[in-house]
Amino acid sequence: MKNEKYDMGDIDIAWCPGCGNFGILNALKQAMEELKIEPTNLVLVSGIGQAAKIPHYLKTNFFNGLHGRALPPATGIKASNPSLTVIAESGDGDMYGEGGNHFIHTIRRNPNITNIVHDNMVYGLTKGQASPTSRRGFVTPVQVAGVILEPFNPLAVAIALNAGFVARTFIGDKEQTIEIIKQAINYKGYALVDILQPCVTFNKLNTYQWFKDNTYYLEDSYDCHDRNAAFKRATESDKLPLGIFYINPEKTPFEENTGVYKQNDTPLYSREVDYGKLESLISKYALV
Amino acid sequence: MTNPSTKKGNDISIVLCGQAGQGIQTVEKIFTRIMKSNGYHVYATKEYMSRVRGGLNSILIRISDKPVKAFVDRIDILVGLNKGSIKHLKNRVTSETLIIGEKEVLSDEIEDKQKVFDIPFTEIASGVGNKVFSNTVAVGALISILSVKPEDAINCLKQIFKDKPKELIDKNIEALKAGYETTVKLENFYSVKIESPASGSVKKQILVNGSEAVGLGAIAGGCNFISSYPMSPSTSVLVFLAQKGKDFGVLAEQAEDEISAINMAIGAWYAGARAMVTTSGGGFALMTEGVSLAGMLESPIVIHLAQRPGPATGLPTRTEQGDLDLVLYAGHGEFPRIIFAPGTLEDAFYLTQKAFNLADKFQVPVFILTDQYFVDSYYNTEPFNLKECKVEKHFIETSEDYQRYKLTENEISPRGIPGLGKGLVCADSDEHDEEGHITEDLELRIKMVDKRLGKLDLIKQESVPPVLLGPENYENLVICWGSTFNIICEAVNYLGRKDTAVLYFNQVYPLHDGAIELIKKAKKTIVVENNAAAQFARLLKIHADVKVDHNVLKYDGLCFASDSIAEELNELL
């Protein structure tokens with residue numbers, strides 16, 4: 001076994017056979033191995049959904065929180081101990097639907113975390129309703145006449161908000177996915193990796209074949225530092241581009257900007273209250 | 001205050017009334033500090049409208065030779081800076097009230113028998129150079145009435161403005177003198193003289209309001225992370241920790257919403273920080289899912305909730321004790337919690353400090369339940385003693401076989417944090433096994449529920465007992481909780497009855513076992529609450545099986561007044 005550091009051994013996994021989540025799990029494990037990140041130093045934060053079960057299937061610290069709420073605790077964790085590698089990983093419903101507001105504002109906040117989103121354009125755990133990224137016309141037990149809402153475009157939103165690292169991959173290409181996850185983790189700031197994956201049970205429209213037919217790779221000549229070009233590519237919908245859309249190398253992460261690590265780089269847990277200083281603060285309230 | 005040239009009093013209540021943004025707070029700040037630096041006990045609180053400019057707001061200031069810590073309806077002196085001031089306070093202004101103001105402004109509202117000092121604040125201020133100095137002119141008028149020498153006030157004024165340009169300080173001194181002199185030269189002038197407290201201890205005491213006491217307590221408790229969304233009247237704690245916390249390494253973040261705020265704070269605790277959130281009822285409603293998460297993850301979290309009247313937006317700048325039920329039951333599922341309700345500044349400081357240790361020790365949500373009245377009120381109090389404070393960290397360095405939810409003999413699983421030790425820390429909002437992985441093992445489910453709820457007995461052993469004040473052999477017991485305490489205390493003291501005691505709860509859940517006996521001992525029990533549904537009386541019925549005889553309730557958005565409530569209590573006793 002190649003990825004034994006992160007391997008859980010023989011465990012019962014709740015995903016359907018053939019689910020794209022397996023590929024993402026393997027890609028993640030391999031990326032972590034290749035980056036030589038220790039499981040004790042990694043925190044995987046997820047919400048609720050089929051994708052959000054991923055922390056249970058690899059050896060790591062994890063925070064499996066509430067539906068839609070992976071990004072705020074991920075931010076809190078990273079800001080409290082910047083030496084940890086923090087990945088917030090969940091599905092498209094969790095990150096873009098229930099957690100939409102956090103998605104927007106976490107990008108603005110820019111903690112040094114990696115946001116991996118399993119994007120299969122459908123709700124799996126609740127059995128087949130539309131997700132924010134479902135295409136118009138997609139028929140489900142709830143959207144009986146087909147989806148009538150405009151699909152959410154996470155990449156365009158992220159680029160509009162000047163996210164520092166924005167990428168999309170397709171799990172059919174494991175090598176590129178691993179490579180991009182690695183780059184996203186190495187990026188110092190918030191990094192979005194939207195991973196297209198089929199849901200073999202509930203999405204008969206966006207299948208492996210559909211993704212193959214409806215995606216293409218950004219060219220080698222493509223300049224990922226050009227935000228306007230990135231936005232233009234992100235809004236393409238006939239065929240979805242794959243690769244790194246945008247990198248802004250000039251951003252500094254939230255935890256650095258807060259100032260609490262300026263003079264002291266130790267994690268918050270190891271710090272003590274300066275009671276002398278507090279006493280002098282309190283005594284100031286005795287003055288006029 | 002009748003009309004002799006000098007009258008001795010020992011407790012003067014002054015109300016400043018004016019538009020929002022007009023500077024009554026400046027008058028309050030300068031005047032209270034002058035009086036404190038001259039050795040007097042001071043107290044102040046405000047009531048204000050939900051607007052940034054205009055409307056009418058008022059500030060009550062009490063000056064006394066004895067400690068004063070409670071709201072009163074009585075107004076000895078009213079400083080009316082705007083048209084409508086007297087009308088705004090019509091239920092509290094009597095023929096005994098001395099009105100200070102510009103007759104031109106207040107003429108429509110002044111009745112014939114009213115005592116009035118007509119002082120042209122604006123004109124005097126303009127004479128000094130700018131009408132913005134009219135606030136300081138008003139301070140000058142007030143100190144003349146309270147027989148404070150201008151020199152003593154000026155020294156204090158210099159201190160207050162010490163970081164300001166010299167020219168501005170000089171103009172303010174001029175304005176204060178002008179206000180003083182114009183007032184003492186009035187034909188109908190008279191003054192009062194409060195005896196200075198003998199001990200002179202007031203000068204060394206501190207002046208902090210409720211939100212500052214909570215904020216200082218948080219720092220003393222080792223708080224190093226606050227994430228919150230602004231909401232009146234809770235925002236002042238976020239502001240305090242953002243400003244003062246900087247020197248103590250407190251990370252203060254304004255979240256996009258309350259949902260994010262509490263989830264961020266729980267994440268911070270997971271990584272070993274000591275985090276809190278501050279909010280009010282509506283914001284807390286959004287946090288309830290997060291409270292439930294803390295229950296399941298067994299995460300510590302400290303929540304300051306400053307109550308205001310609801311439902312929904314309610315009265316945003318007013319006060320109420322209406323969210324006790326909300327806090328008591330917030331969050332789906334069953335899990336323990338701790339609720340403090342400080343009624344004094346000392347309690348706000350020490351209980352907030354303690355909240356962090358208890359949250360960490362028992363891995364539960366701990367609430368500090370205050371309200372608008374409490375956070376906006378202040379009086380002089382002894383400097384908080386830090387010798388009683390200690391940051392107790394309850395997390396451990398993990399070993400390779402670490403299990404976050406290990407079933408132990410005492411219900412508490414040692415809390416590891418990621419990156420400290422060789423173990424993995426797995427926190428799960430699903431029902432989980434000892435390691436922290438999802439489980440549907442229903443026998444294990446029972447064990448996990450029992451473990452979580454079992455902590456309540458341990459918590460109870462450390463509950464803060466209620467404070468009994470008054471005669472030991474009481475027949476009547478007046479029960480209160482949180483911010484009403486000082487008001488009730490003053491009212492019952494005033495009545496001076498040998499058969500009546502006060503029982504004050506600063507921890508409202510879980511109740512200390514001793515409380516039941518103290519309540520059952522009384523022949524007559526009265527619960528006083530700033531709400532309409534008698535929520536604490538209900539809590540006593542449900543959790544202590546005691547039924548009280550009378551409920552005294554107030555829910556007009558204002559706090560109780562010690563003089564009015566004394567009358568009301570006297571009728572019931």
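Colleague: What covers the buried residues of α18(B)?

Modeller: In this predicted model, the cover includes α12 (324-329), β21 (476-481), β23 (507-509), β24 (524-529) and β25 (550-553) of chain B.

Colleague: Which residues of helix α18 of chain B are called buried, and what makes them so?

Modeller: They are B:Gln535, B:Phe536, B:Ala537, B:Leu539 and B:Leu540, in the helix that runs over residues 535-544. A residue is called buried if 20 or more other C-beta atoms lie within 10 Å of its own, so each of these five residues meets that cut-off. As for spacing, residues three or four places apart in an α-helix point the same way, because there are 3.6 residues a turn.

Colleague: What follows α18(B)?

Modeller: B:Asp545 follows the helix, and its phi is positive, near 55°.

Colleague: How do you know that the radius of gyration of chain A agrees with that of a compact globule?

Modeller: A compact globule of 288 residues would have a radius of gyration near 19 Å; chain A has 20 Å, and therefore the two agree. Along its principal axes, the C-alpha trace of chain A spans about 70 × 45 × 40 Å. Of the 288 residues in this chain, 51% count as buried.

Colleague: What makes up chain A, in helices and strands?

Modeller: Chain A has 10 helices and eight strands. Among its contacts with a separation of 6 or more, 70% come from residues 24 or more positions apart.

Colleague: Why are strand β2 of chain A and strand β19 of chain B said to pair?

Modeller: Pairing requires at least two bridges; β2 (residues 61-64) of chain A and β19 (residues 426-428) of chain B have three, so they qualify, in the parallel sense. In β19(B), B:Cys426 is the bridge partner of A:Phe62.

Colleague: How many residues does each chain bring to the contact between chains A and B?

Modeller: Chain B brings 57 residues and chain A brings 49. On the side of chain B, helix α10 (residues 258-270) gives the most, with nine residues. By class, that side of chain B has 33 nonpolar, 14 polar and 10 charged residues.

Colleague: Into which domains is chain B divided?

Modeller: The assignment gives domain 1 (6-199), domain 2 (208-388), domain 3 (395-461) and domain 4 (467-572). The centres of domain 1 and domain 2 of chain B, taken over C-alpha atoms, are separated by 34 Å. Their contact takes 12 residues from domain 1 and eight residues from domain 2. Strand β3 (residues 41-47) of chain B gives the most to the domain 1 side, with six residues.

Definitions and conventions
Residues are numbered from 1 along each chain as its sequence is written. Chains are lettered from A and ligands numbered from 1 in the order in which they are written. This is a predicted model: local features need pLDDT of at least 70, side-chain atom pairs count only at pLDDT 80 or more; totals for chains, interfaces and linings use all residues. Helices (H or I, at least four residues) and strands (E, at least two) are DSSP runs, numbered from the N terminus. The radius of gyration is taken over C-alpha atoms; the globule rule is 2.2 Å times the number of residues to the power 0.38. A residue is buried if 20 or more other C-beta atoms lie within 10 Å of its own, exposed if 12 or fewer, and partly exposed in between; C-beta atoms are placed from the backbone. Two residues are in contact if their C-beta atoms, placed from the backbone, lie within 7 Å. Ala, Val, Leu, Ile, Met, Phe, Trp, Tyr, Cys and Pro count as nonpolar, Asp, Glu, Lys and Arg as charged, and the others, Gly among them, as polar. Domain bounds come from an automatic or database domain assignment.
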